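Dear colleague,

Please find below the structure that I am handing over to you. I would ask you to look through it first and then to read the notes that follow.

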Amino acid sequence: MKVQYITLLTCCILMISACSKTMNPEIVSQTETSSQIQQCSDKIIFYSNRTNNGDLYAFDPVSFETVAFLVADSAIGAPVFNSFNNTLIFAQKSTTGRGLYSKNIDTDQITFLISNPAGDEVPDWSPIEHSIVYSSEISQQNYSLTVKNIDTGREQVLYKNAKQSFDPVWSPDGTQIAFVVTDSVFNADIAIINSDGSGFRNLTNNLKLNGHPDWSPDGSEVLFYIYQDGDADLFTLEIESESLTQLTFDSSNQLIGRFSPDGKKIVYGGVVDNDWEVFLMNSDGNGKEQITFNPGFDGDPIWIPCN
């Protein structure tokens with residue numbers, strides 16, 4: 001099931017970038033390290049294969065500068081931000097398998113954490129304790145929503161059902177988790193559950209492909225995409241009223257949106273001329289602007305708040 005799900009949402013949607021047209025290279029500032037970014041502002045970190053490797057770059061929405069953030073010998077993959085201890089978490093292959101690493105935002109120190117229990121995915125980290133949530137394969141092609149305490153190693157299965165669970169993300173206060181539940185490659189919903197495993201609630205139930213949820217900073221809304229009629233667009237859903245608002249209306253795919261720390265902006269990956277780039281817009285869907293212009297894949301953006 002997971003292989004089918006990933007195949008549809010990444011290969012059938014994301015691999016459209018393989019057909020990218022020749023474009024002018026992105027004009028960026030001279031290569032710098034993240035510590036050389038002087039002005040304090042919220043930064044956007046995104047994954048790029050512009051060096052044919054798979055590295056992380058930082059974009060400053062104030063100065064519009066793009067700089068190398070983390071360049072490694074092997075592909076890094078999509079990162080997550082750990083607000084509990086102000087670190088960036090990423091997965092990288094090593095001689096012993098695929099491990100989870102942290103990069104301290106203040107010191108740039110990189111530390112190996114644990115072998116990655118989520119395979120190629122990067123678990124989301126609790127904002128209130130040393131715990132991670134991820135999709136765990138408990139039997140062949142049977143995946144459950146699992147929380148693991150990094151300090152004690154204790155694991156707790158929060159959701160185990162005929163439907164598979166993917167893409168979990170903690171709420172800002174650490175009390176709930178939003179995630180994808182799916183029973184086929186044609187139907188996937190956004191659900192929420194309390195961090196103790198109680199209170200499961202399906203938010204969408206629309207018989208469509210819904211994916212990659214993200215919480216608004218105040219925890220009142222969930223941002224996600226809906227894939228229908230060959231295209232994916234971004235939506236927000238107000239949890240209490242279940243009011244749904246469409247944010248993008250492009251005849252291409254708009255995926256993996258993330259709220260800014262103040263909730264006023266949304267960064268997301270989208271397709272332009274068959275090429276994946278990173279975009280920025282207001283949280284109401286207005287003011288859309290493209291912020292990368294690279295002929296390779298640019299995507300999987302996240303925010304790092306200014307401290």
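In which sense do strand 20 and strand 21 pair, and over how many bridges? The two strands pair in the antiparallel sense, over 4 bridges. Please bear in mind throughout that this is a predicted model.

Gln254 has Gly270 of strand 21 as its bridge partner. Between the strands of this hairpin there are 5 residues, and Gly263 takes a positive phi near 80 degrees.

**The chain as a whole**

The chain has 1 helix and 24 strands. It comprises 307 residues, of which 51% count as buried. Among contacts between residues at least 6 apart in sequence, 37% join residues at least 24 apart.

**Aromatic pairs**

A pair of aromatic rings is described by the distance of the centres and the angle of the planes. The structure holds 11 aromatic pairs. One of them is formed by Tyr143 and Phe166, with 5.9 Å from centre to centre and 40 degrees between the planes, and this pair is tilted. It links distant parts of the chain, as Tyr143 belongs to strand 10 (residues 142-149) and Phe166 to strand 12 (residues 164-170), 23 residues apart. Tyr143 counts as buried because its relative accessibility is 9%, under the limit of 20%. Phe166 is also buried, with a relative accessible area of 1%.

Trp276 and Phe297 form another tilted pair: their ring centres are 6.4 Å apart and their planes stand at 50 degrees. Trp276 lies in strand 22 (residues 275-282), whereas Phe297 lies in the loop between strand 23 (289-290) and strand 24 (298-304), so the pair ties together parts that are 21 residues apart in sequence. Trp276 is buried at a relative accessible area of 1%, and Phe297 counts as buried at 15%. Together with Tyr47, these two residues form one aromatic cluster.

**Salt bridges and charges over rings**

Side chains of opposite charge can pair when their charged atoms come close. A search of the whole structure finds 4 salt bridges. One of them joins Asp298 and Arg50, whose closest N and O atoms are 3.0 Å apart. This pair links distant parts of the chain: Asp298 is in strand 24, Arg50 is in the loop between strand 1 (43-48) and strand 2 (55-59), and the two are 248 residues apart. Asp298 is buried, with a relative accessible area of 0%. Arg50 also lies over the face of Tyr57, at 4.5 Å from the ring centre.

Is Lys103 buried or exposed? Lys103 counts as buried, at 5% relative accessibility. Asp108, by contrast, counts as partly exposed because its relative accessibility is 22%, which falls between the limits of 20% and 50%.

A further salt bridge joins the side chains of Arg201 and Glu242, at 3.0 Å from N to O. Arg201 lies in strand 15 (residues 201-202) and Glu242 in the loop between strand 18 (231-238) and strand 19 (243-246), so this pair ties together parts that are 41 residues apart in sequence. Arg201 is partly exposed at 28%, and Glu242 is partly exposed at 43%.

**The surroundings of Leu100**

Leu100 lies in strand 6 (residues 97-104) and is buried, with a relative accessible area of 0%. Which residues is Leu100 in contact with, leaving aside its neighbours within four places in sequence? Among them are Ile89, Phe90, Ala91, Phe112, Leu113, Val122 and Trp125. Leu100 and Ser115 are 15 residues apart in sequence, while their C-alpha atoms are 5.9 Å apart in space.

With kind regards

Terms used:
Residues numbered from 1 in each chain as written. Predicted model: local features only at pLDDT ≥ 70, side-chain atom pairs only at ≥ 80, totals over all residues. Heavy atoms only, no water. Phe/Tyr/Trp six-rings, centres within 6.5 Å; stacked < 30°, edge-to-face > 60°. Buried < 20%, exposed > 50% of the residue type's maximum accessible area, 1.4 Å probe, protein only. Lys NZ or Arg CZ within 6 Å of the ring centre and 35° of its normal. Pairing = 2+ DSSP bridges. Contact = heavy atoms within 4.5 Å.
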